[in-house]
Amino acid sequence: MPNSVLIINCGSSSIKFALLLKDQNFRIHGLAENLGTPNARIKGVTMGNEPVDIHIPNADHKEALEVGLSRIANHKPDAIGHRIVHGGKLTQAELITDDIIDIIRAATPLAPLHNPAHLVGIEATRRLFPDLPQVAVFDTAFHQTMPAHAYRYAVPKYLYTEHNVRRYGFHGTSHAYVSERGSELAGSYKKGGWLTAHLGNGSSTCAIWNGQSIDTSMGLTPLEGLVMGTRSGDVDPSLHSFLAKNLGWDIYKIDKMLNSQSGLLGLSDLSNDMRTLIEASEKGHEDATLAIEVFCYRLAKSLAALSCGLPRLDGLFFTGGIGENSAFIREKTLSYLPHFDFNFSKEKNDSLKRGTEGRIDAGTGPQIWVVPTDEEGRIAQETTLVVNQKMSTSNVKKSQAEITTA
């Protein structure tokens with residue numbers, strides 16, 4: 001049984017890493033952010049709880065991982081868990097082998113911003129810790145409880161039966177953790193109907209009934225759904241043919257535009273960082289103001305739509321970098337949902353600071369909570385389960401071999 005697990009979470013523009021000790025809080029953790037820009041840096045704490053702030057200008061994922069992992073090389077973990085956005089047909093955590101790596105690589109077209117970064121993380125940790133068991137934990141797994149009417153697209157059936165074209169959903173580790181933690185705080189652990197809003201550079205919503213995902217905003221790829229940092233979210237599918245016919249764009253240029261040049265960045269023509277946009281909006285930047293309005297309106301619209309999957313609505317959980325830290329975005333989003341009878345408390349909402357969980361309604365109507373996500377903790381839990389299963393299987397085979405030999 002692992003006593004310590006190293007968690008690697010490579011996102012599209014950042015890397016989170018944490019070394020978790022069994023039954024203890026994080027001892028080492030870090031965040032590499034703004035990768036690929038002059039402002040790239042690693043922030044975190046060491047084993048002695050000393051702060052770390054390392055500037056790594058223009059570093060990519062590989063360089064950031066090498067610097068970050070070098071900080072924990074003297075504290076060897078027992079196992080490593082990787083957050084993987086898309087594993088194709090794989091819907092549960094798996095021990096990483098060459099075959100699993102091939103499946104993750106083959107699923108890259110479904111998660112073009114993420115899977116390549118995940119593979120870099122796997123390559124780096126296998127090189128640094130070649131003898132450790134490593135586990136892939138998939139974002140898609142939590143959403144496999146969706147009913148067919150939620151995950152099927154209205155396209156010819158053979159695309160589903162022969163090519164697996166369907167809605168998968170993502171951010172599963174976050175939605176799973178937040179819904180469990182939030183419902184526990186609300187006094188109804190894994191019971192009732194809840195909406196979750198994971199808001200960051202990548203954003204998604206989820207409808208959860210009795211602890212299971214019923215519907216979610218992301219689909220075949222992490223591009224579907226909400227407006228995000230650089231991703232467009234939902235657009236008319238005919239946009240592709242319009243751009244091809246009128247501008248001569250090929251499919252690769254269109255995909256790059258929708259994934260890397262759209263969302264908050266595209267709307268504002270300024271930044272994909274909500275903090276920057278709020279500051280600019282306060283100074284009169286009209287495009288920044290519009291980007292914020294579109295983000296909040298589309299978020300509220302998604303939450304309202306997903307509520308259709310719930311027999312009743314008990315409440316809403318905000319999480320993720322924006323969801324946890326921006327009282328302004330929470331308030332503006334809820335202003336678009338007056339018919340849901342949320343009894344919002346501005347005082348409670350404004351009082352919540354970074355990393356603080358708490359209730360932001362006035363005590364009547366559907367509950368509203370801010371619940372900091374713990375994707376690393378969830379990944380460690382699933383990694384431990386897979387490693388324990390492997391050890392149990394190995395022990396059974398060893399016992400059988402000993403009986404046979406005897």
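Analyst: **Around helix α13**

The cover over the buried residues of α13 includes α10 (274-282), α11, β12 (315-319), α12 (320-325), α14 (346-351) and β14 (367-370). Helices (H or I, at least four residues) and strands (E, at least two) are DSSP runs, numbered from the N terminus. This is a predicted model, in which local features need pLDDT of at least 70 and side-chain atom pairs count only at pLDDT 80 or more, while totals for chains, interfaces and linings use all residues. Residues are numbered from 1 along each chain as its sequence is written, and side-chain values use heavy atoms, with hydrogens and water left out.

Which residues of α13 are buried? They are Ala327, Ile329, Arg330, Lys332, Thr333 and Leu334. Buried here is under 20% relative accessible area, exposed is over 50%, and partly exposed lies in between (1.4 Å probe, protein chains only).

Let's look at one of the covering elements, α11. The axes of helix α11 (residues 286-306) and helix α13 (residues 327-335) come within 8 Å and cross at roughly 55 degrees. The axes are lines fitted to C-alpha atoms, for helices over the stretch in contact, with angles from 0 to 180 degrees between N-to-C directions. The two helices, α11 and α13, are therefore oblique to each other. By the cut-offs, angles under 35 degrees are roughly parallel, over 145 roughly antiparallel, 65 to 115 roughly perpendicular, and the rest oblique.

From α11, Ile292, Glu293, Phe295, Cys296, Leu299, Ala300 and Leu303 meet Phe328, Ile329, Lys332 and Thr333 of α13. Contact here is heavy atoms within 4.5 Å. Sorted by class, the contact of α11 with α13 holds eight nonpolar, one polar and two charged residues. For the classes, Ala, Val, Leu, Ile, Met, Phe, Trp, Tyr, Cys and Pro are nonpolar, Asp, Glu, Lys and Arg charged, and the others, Gly among them, polar.

The axes of α10 and α11 come within 8 Å, crossing at roughly 125 degrees, so α10 and α11 are oblique to each other. Their crossing is left-handed. On the α10 side, Met274, Leu277, Ile278, Ala280 and Ser281 make the contact, and on the α11 side Ala288, Thr289, Ala291, Ile292 and Phe295 do. Eight of the residues in the contact of α10 with α11 are nonpolar and two polar, with no charged ones.

Now for another pair, α2 and α3. The axes of α2 (residues 98-106) and α3 (residues 115-128) come within 9 Å and cross at roughly 155 degrees, and α2 and α3 are therefore roughly antiparallel. The crossing of α2 and α3 is left-handed. Asp98, Ile101, Ile104 and Arg105 of α2 meet Asn115, Leu119, Ile122 and Arg126 of α3, a set that divides into four nonpolar, one polar and three charged residues.

On to single residues. Arginine 167 sits in the loop between α5 (157-161) and α6 (172-185), and it counts as buried at 8% relative accessibility. Beyond its neighbours within four places in sequence, its contacts include Met146, Tyr151, Asp215, Ser217 and Glu224. The side chain of arginine 167 reaches the backbone oxygen of serine 217 at 3.4 Å. Arginine 167 is also 132 residues from leucine 299 in sequence and 19 Å from it in space, C-alpha to C-alpha.

The loop between α5 and α6 also holds asparagine 164, which has a positive phi of about 60 degrees although it is not a glycine. Asparagine 164 is partly exposed, with a relative accessible area of 27%.

Serine 262 lies in the loop between α8 (251-260) and α9 (263-268) and is buried, with a relative accessible area of 8%. A polar atom of its side chain lies 2.6 Å from the backbone oxygen of methionine 257. Leaving aside neighbours within four places in sequence, serine 262 touches Gly229, Thr230, Arg231, Ser232 and Met257.

Key: Left-handed = near helix turned anticlockwise from the far one by under 90°. Polar contact = N/O pair within 3.5 Å; in protein donor to acceptor, adjacent residues only side chain to side chain.
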